[in-house]
Amino acid sequence: MAKKVDLRILRTKKMIFSAFMQLVEEEGFEAVTIQEIADKAMINRTTFYAHFKDKQDLYDQIFTTSMIPFLKILDGETINGSQIKIKTVTHLLTRLFTEIKANRQFYMLALDGANSLRLSELLHDLLAQHYADIFEHLLITHNKKKIPTDFIISYMTSIFIGTVNWWVHADSDFSPEHMAKLVIQLVANGHLTVLGIEVLDD
């Protein structure tokens with residue numbers, strides 16, 4: 001039986017997420033203090049530490065939560081064996097880009113300096129946790145040599161981080177849906193084919 005989610009905890013974390021992102025946009029990641037986050041979220045420091053170890057842990061959890069649509073792209077709903085449902089993937093990517101657009105300033109800061117490296121590390125680890133078995137099953141090879149799963153995951157991480165970095169910094173009117181379709185167009189007939197995945201127009 002699935003564990004019941006405590007709505008009070010969800011509400012509290014949502015308030016902390018929102019407060020932190022607003023403060024980061026105003027002051028930058030390094031300048032924000034735990035006390036400022038607590039004050040803006042209208043909680044005390046004890047409540048903050050009941051949910052997060054520190055400011056970096058809060059940052060990591062915000063990013064991990066925002067990546068949920070991305071992590072569903074190669075799950076059971078979208079991929080069957082070596083076939084992938086393109087419309088479902090487009091929908092999930094649109095949700096992801098919508099989240100990023102809603103917090104554009106935060107992601108601009110998250111993709112600068114040391115934070116960018118941390119973002120890449122987090123995404124790499126998330127992909128490794130969720131997709132390693134799938135990539136191992138696909139047995140992707142080049143010149144009869146198996147391509148290491150870690151290389152594939154690093155490659156995917158670089159593509160995604162680079163795409164998001166361009167979008168949040170560019171003076172572009174591309175909508176989340178347009179970005180999702182653009183990414184699909186660029187990878188469907190190239191990268192996915194190389195990975196041995198057949199694209200289905202569901």
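By the distance rule applied here, the count of salt bridges in the protein comes to 3, in a model that is predicted. In one of these, the side chains of Asp-60 and Arg-118 meet with a separation of 2.5 Å from N to O. Because Asp-60 belongs to helix 4 and Arg-118 to helix 8 (residues 113-138), this pair ties together parts of the chain that lie 58 residues apart in sequence. With a relative accessible area of 11%, Asp-60 is buried, whereas Arg-118, at 26% relative accessibility, counts as partly exposed.

Arg-118 also forms a salt bridge with Glu-121, the closest N and O atoms of the two residues being 3.5 Å apart. Both residues are located in helix 8, where a spacing of 3 residues corresponds to about one turn of the helix; Glu-121 is partly exposed, its relative accessible area being 35%. A further salt bridge joins Lys-181 and Glu-177, with 3.3 Å between the closest N and O atoms. These two residues both lie in helix 10 (residues 176-188) and are 4 residues apart, again about one turn of the helix. Lys-181 counts as partly exposed at 46% relative accessibility, and Glu-177 is likewise partly exposed at 42%. Through shared partners, salt bridges join Asp-60, Arg-118 and Glu-121 into one network.

In helix 2, which spans residues 34-41, the residues Ile-34, Ile-37, Ala-38 and Ala-41 are buried. Viewed down the axis of helix 2, its buried residues fall within an arc of 95°, and they therefore line one face of the helix. The cover over these buried residues includes helix 1 (7-27), helix 3 (45-51) and helix 4 (55-66). Just after helix 2, Met-42 adopts a positive phi of about 60°. An unreviewed UniProt entry lists residues 33-52 as "DNA-binding region"; over this stretch the chain is 75% helix and 0% strand, and the C-alpha atoms at its ends are 13 Å apart.

Thr-12 has its place in helix 1 and, at 15% relative accessibility, counts as buried. When residues up to four places away in sequence are not counted, Thr-12 touches Ile-43, Thr-47 and His-51. Lys-55, for its part, is found in helix 4 and also counts as buried, with a relative accessibility of 15%. Leaving aside neighbours within four places in sequence, Lys-55 is in contact with Phe-20, Phe-29, Glu-30, Val-32, Ile-34 and Phe-48.

With regard to the protein as a whole, the chain contains 11 helices and 5 strands, and 41% of its 202 residues count as buried. Of the contacts in the protein with a separation of 6 or more, 67% are accounted for by residues 24 or more positions apart. The protein exposes about 11700 Å², of which carbon and sulfur atoms supply 55%.

How values were computed
Residues are numbered from 1 along each chain as its sequence is written. This is a predicted model: local features need pLDDT of at least 70, side-chain atom pairs count only at pLDDT 80 or more; totals for chains, interfaces and linings use all residues. Side-chain values use heavy atoms; hydrogens and water are left out. Buried means under 20% relative accessible area, exposed over 50%, partly exposed in between (1.4 Å probe, protein chains only). The arc is that of the directions from the helix axis to the C-beta atoms. Contact means heavy atoms within 4.5 Å. UniProt positions are given in the numbering used here, feature names are shortened, and annotations may be inferred rather than shown by experiment. Accessible areas come from the Shrake-Rupley method with a 1.4 Å probe; for residues, only the protein chains shown count as cover. A salt bridge is a side-chain nitrogen of Lys or Arg within 4 Å of a carboxyl oxygen of Asp or Glu.
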